[in-house]
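The sequence and model come first.

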Amino acid sequence: MHHMDMDHGHHGDMDMGEAQCNMNMLFTWSSKDLCIIFRQWHVTGPFSLFVSLVVIVLLAAGYEGVRQLTRRYEAAHARRLSAYTGAVTGDNEIADESVRANVPSRSVPDASSPLLVGSDNRRIVEQRGKIVMAALYAVQVFYSFFIMLLFMTYNGPVMLAVAVGAFVGYLVFGENMSAAKTVACH
């Protein structure tokens with residue numbers, strides 16, 4: 001009966017030479033057998049750890065860049081919509097000039113005319129803007145959860161690299177933005 005135990009002692013090492021990934025559930029400073037998110041992102045020594053930490057800093061800083069891009073798009077979208085609001089509320093130079101020149105009102109386009117604001121009407125601009133903002137929001141959520149996974153390696157250097165990336169990202173992209181952030185995954 002003991003012959004069943006022969007040569008079966010290495011079931012977990014079926015990779016034959018490929019290093020194992022170490023998944024820690026407790027805080028550690030060790031980079032031995034550290035895989036970061038993917039099996040292919042394996043830290044094999046000091047140089048690969050250094051490169052990985054630089055990449056993590058850039059990823060975390062990039063998240064702040066995406067947030068800044070979203071804020072700028074939202075502001076530009078609000079300006080586009082306010083241009084339509086101005087035309088609808090009577091900031092219509094054509095109508096004002098026609099009243100001064102005693103031009104019959106039927107030759108002046110009304111405020112809802114697409115001629116006053118271009119080929120796109122307000123509703124189409126609102127819909128396009130909402131789709132783009134929803135896509136930007138989805139990118140932010142995905143990105144923030146990816147960064148959360150980096151942090152959840154429970155590896156001290158990786159966690160510090162995420163914080164340094166947030167610091168660098170705020171310095172580069174945080175203009176006119178409050179430093180206060182609510183505690184959330186995204």
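Predicted model: local features only at pLDDT ≥ 70, side-chain atom pairs only at ≥ 80, totals over all residues.

Residues are numbered from 1 along each chain as its sequence is written, and side-chain values use heavy atoms, with hydrogens and water left out.

**Helix α4**
- Helices are DSSP runs (H or I, at least four residues) numbered from the N terminus.
- Helix α4 covers residues 122-151, and its 30 residues should span 44 Å, taking 1.5 Å times one less than the number of residues.
- Buried residues (under 20% relative accessible area; exposed is over 50%, partly exposed in between; 1.4 Å probe, protein chains only) of α4 include V125, L136, Y143 and F146.

**Aromatic pairs**
- The structure holds three aromatic pairs, defined by ring centres within 6.5 Å for Phe, Tyr and Trp (its six-membered ring), with planes under 30 degrees apart stacked, over 60 edge-to-face and the rest tilted.
- One of them is the tilted pair of F38 and F146, at 6.4 Å centre to centre and 40 degrees between the planes.
- F38 lies in the segment before α1 (46-88) and F146 in helix α4, 108 residues apart.
- F38 is partly exposed at 44%, whereas F146 is buried at 17%.
- Y63 and Y143 form an edge-to-face pair, 5.6 Å centre to centre with 70 degrees between the planes.
- This pair links helix α1, which holds Y63, to helix α4, which holds Y143, across 80 residues.
- Y63 is buried at 8% relative accessible area, and Y143 is buried at 16%.

Key:
Helix = DSSP H or I, 4+ residues; strand = E, 2+ residues; numbered from the N terminus.
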